[in-house]
Amino acid sequence: LGESTMLRVENLHAGYGASEVLSGASFEVRTGSVVALIGANGAGKTTAMRVLSGMLKPSKGKVLLDGKEVQHLGASRISRLGLAHSPEGRKIFAPLSVEDNLLLGAYTRLPKVFGFASKAGADLEKVYALFPRLHERRKQAAGTLSGGEQQMLAIGRALMANPKIILLDEPSMGLAPVIVQEVFVIINKLKEAGITMLLVEQFAKSALEVADYAYVLEHGRIAVEGTPEELAKNERVLAAYLG
Ligand code: ATP
């Protein structure tokens, strides 16, 4: 009771040309919770993230962000409504400094907020408090950061938009196991700070450790859902994703 839904996806269909990748996926993220979306390589997790952030139009279905239908809106509009996306592969701007990359994350507020520079400054301080390493390296070209530092930067940049919900797409991708642990420490910190997150992971174990609830995407729809405890008892999930 009293819990609200920050993101609700209903009967989502989407794909590329004639090939349908999502065929009726439905899931939701409650305000203040961390939800994991897991699934094998090619299951459509990234495709779902693209639809949620407005980069790909669904052929059918609804996406409700904080109660408002957004599936027909463009990416910049959705971002201004409070959804930030830390994409797979991180997509940082390699030649720009760490700090300029962070400031780019705040640009969506430009049209709305007159005191942009000072407000962004305050958010920079918040991000630096969370990631002291980024503060140390704020003048360094982002492309010269280590993989783990680049992932911190991608998450920090998403936070700069002061979002209502963050989508984290495969934050562990390409990182050494010890760095993956570091990234999950950060995700835990964000969770403690009450930030609502949808976390996409191919490797389910770490995701289930931090998540409040999880969905398994198979063949374009949700095959299994439950709390991490429930999924850990599910034979099929155990064999396929936690083995
Ligand atoms: P991974 O963990 O490997 O990233 P995923 O669950 O995120 O997998 P998607 O990236 O959503 O999967 O891909 C789902 C399917 O859609 C795959 O078969 C992929 O080849 C296909 N696909 C993805 N992007 C495109 C594109 N731009 N054009 C055509 N097909 C695509």
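Predicted model: local features only at pLDDT ≥ 70, side-chain atom pairs only at ≥ 80, totals over all residues.
A polar contact here is a pair of N or O atoms within 3.5 Å. An oxygen atom of the ligand is 2.7 Å from a polar backbone atom of G42. Side chains take part too. An N or O atom in the side chain of N41 is 2.4 Å from a ligand oxygen. For the side chain of T46, the distance from an N or O atom to an oxygen of the ligand is 2.7 Å. On its own, the ligand has 640 Å² of accessible area, and the protein covers 61% of it.

Now widen the view to the shell. It holds 14 residues around the ligand, and N41, G42, K45, T46 and T47 are the closest. By type, the shell residues divide into 4 nonpolar, 6 polar and 4 charged. Helix 1, residues 45–52, gives the most to this shell: 4 residues.

Follow helix 1 next. It is largely enclosed by the rest of the structure, because 7 of its 8 residues are buried. Those buried residues are K45, T46, T47, A48, M49, V51 and L52. Just after the helix comes G54, with a positive phi of about 85 degrees.

From here, turn to the nonpolar cores. The largest has 45 residues. Inside that core, L102, F131, L134, L153, I187 and M197 have the most contacts. Take M197 as a way in. Beyond four places in sequence, M197 touches V29, S33, V34, V35, I165, I166, L168, I187, L190 and K191. A second core of 29 residues is separate, and includes M49, L56, V70 and I222.

S33, one of the residues touched by M197, deserves a stop. It sits in the loop between strand 2 (19–30) and strand 3 (34–38). S33 counts as buried because its relative accessible area is 11%, under the 20% limit. Setting aside neighbours within four places in sequence, S33 is in contact with I195, T196, M197 and D212.

Two other loops hold backbone angles to check. Most residues other than glycine have a negative phi. D66 is not a glycine, yet its phi is positive, at about 50 degrees. D66 is in the loop between strand 4 (60–65) and strand 5 (68–69). Its relative accessibility is 40%, so D66 counts as partly exposed. H219 also has a positive phi, near 50 degrees, and is a residue other than glycine. Look for H219 in the loop between strand 9 (213–218) and strand 10 (221–226). H219 is exposed, because its relative accessible area of 73% is over 50%.

Finish at strand 5, where E69 is found. E69 is partly exposed, with a relative accessible area of 31%. Its side chain is joined to that of Q71 by a polar contact of 2.8 Å. Leaving out residues up to four places away in sequence, E69 touches K62, V63 and L64. For a sense of span, go from E69 to V185. These two are 116 residues apart along the chain, and their C-alpha atoms are separated by 33 Å.

Notes. Residues numbered from 1 in each chain as written. Heavy atoms only, no water. Near = heavy atom within 4 Å. Polar contact = N/O pair within 3.5 Å; in protein donor to acceptor, adjacent residues only side chain to side chain. Areas by Shrake-Rupley, 256 points an atom, 1.4 Å probe, with all protein chains shown as cover. Nonpolar A, V, L, I, M, F, W, Y, C, P; charged D, E, K, R; others polar. Core = buried A, V, L, I, M, F, W, Y, C linked by side-chain atoms within 4.5 Å. Buried < 20%, exposed > 50% of the residue type's maximum accessible area, 1.4 Å probe, protein only. Contact = heavy atoms within 4.5 Å.
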